[in-house]
Amino acid sequence: MTLQRGLYTIAGTLLLIGFVVLGLLVDDQAPPVDVALADAFRGQYTRPAGQVADLITNVLGPVLPFALGAVLVVIAWRHRELTALCVKLAVVLMLCRLTSLIAKPLFYRERPREFPDLSYPSGHVVAVACTGFVAILLCAWTRPHLVRLAITIAVAATVVGALCRVVLGVHWLTDTAGSVLAVGGVGLIAATGLGLLPRPRDPA
């Protein structure tokens, strides 16, 4: 168990290092892949594809952590034996969500087009990724048979959310990649520290 905790912590630390390194590398100049995608989707935010993407990100965005937080409150209220679990999950959710708010001023990166706020990492993608991460943990502790489904939905939602932000021209591709690295890093470290990883009945 101790070995597994150490491995989760190391993995989280490596993801956070990757997040910082990526942010430093792209802070001053966008790499070719970012520029190519930005050029490919330039102006799409005013067209049907952009309108659809905008609708999707109204759902796959900052509203999701609040929705999951409300679900955790309901679960804790209706199943008092799960209160401690829900509190720990809420802490992980909050810490992961804070990554974009804390990190953006550290990486003064401009958006692909004129748009309020800074660019790295994407707050929308952070919101989707952290909701998915905590939803997977919730399933792992309460409905283990749903973990694979939760992982599939979380990954798909994160990818779709990231694509929509790129289509809208409000984020570079590397902004979305950095979001996933940040959430994964903070999530693994926080969940391990709170005893959510590994689960007690997981093999040592």
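This is a predicted model: local features need pLDDT of at least 70, side-chain atom pairs count only at pLDDT 80 or more; totals for chains, interfaces and linings use all residues.
Is aspartate 117 buried or exposed?

## The loop between H5 and H6

Aspartate 117 counts as exposed, because its relative accessibility is 51% and the cut-off for exposed is over 50%. You'll find aspartate 117 in the loop between H5 and H6. Its backbone is worth a look too: phi is positive, at about 75°, although aspartate 117 is not a glycine.

Proline 121 is found in that loop between H5 and H6 as well. A cis peptide bond joins tyrosine 120 to proline 121, with omega at about -5°.

Now jump to the segment after H8, where proline 198 is found. Here a cis peptide bond links leucine 197 and proline 198, and omega is about -10°.

## Helix H4 and its two sides

Helix H4 takes in residues 63-78. How far apart should its ends be? With 16 residues at 1.5 Å a residue, H4 should span 22 Å, and its end C-alpha atoms are 23 Å apart, so the two values agree.

Which residues of H4 are buried? They are Pro65, Leu68, Leu72, Ile75 and Ala76. These residues cover an arc of only 95° around the axis, so they sit on the same side of H4.

The largest nonpolar core has 24 residues, and the members touching the most others are Leu89, Val92, Phe133 and Leu137. Two or more residues come from each of H4, H5, H6 and helix H8 (173-193). H6 gives the most, with seven residues. There is also a second, separate core of seven residues, including Leu22, Val26, Ala103 and Phe107.

Set aside the neighbours within four places in sequence, and what does valine 92 contact? Its partners are Phe133, Val134, Leu137, Gly187, Ala190, Ala191, Leu194 and Leu196.

Valine 91 sits in helix H5 (residues 83-103). Alanine 191 is 100 residues away from valine 91 along the chain, yet their C-alpha atoms are separated by 8.9 Å.

Terms used. Residues are numbered from 1 along each chain as its sequence is written. Side-chain values use heavy atoms; hydrogens and water are left out. Helices (H or I, at least four residues) and strands (E, at least two) are DSSP runs, numbered from the N terminus. The expected span of a helix is 1.5 Å times one less than its number of residues. Buried means under 20% relative accessible area, exposed over 50%, partly exposed in between (1.4 Å probe, protein chains only). The arc is that of the directions from the helix axis to the C-beta atoms. A nonpolar core is a set of buried Ala, Val, Leu, Ile, Met, Phe, Trp, Tyr and Cys residues joined through side-chain atoms within 4.5 Å. Contact means heavy atoms within 4.5 Å.
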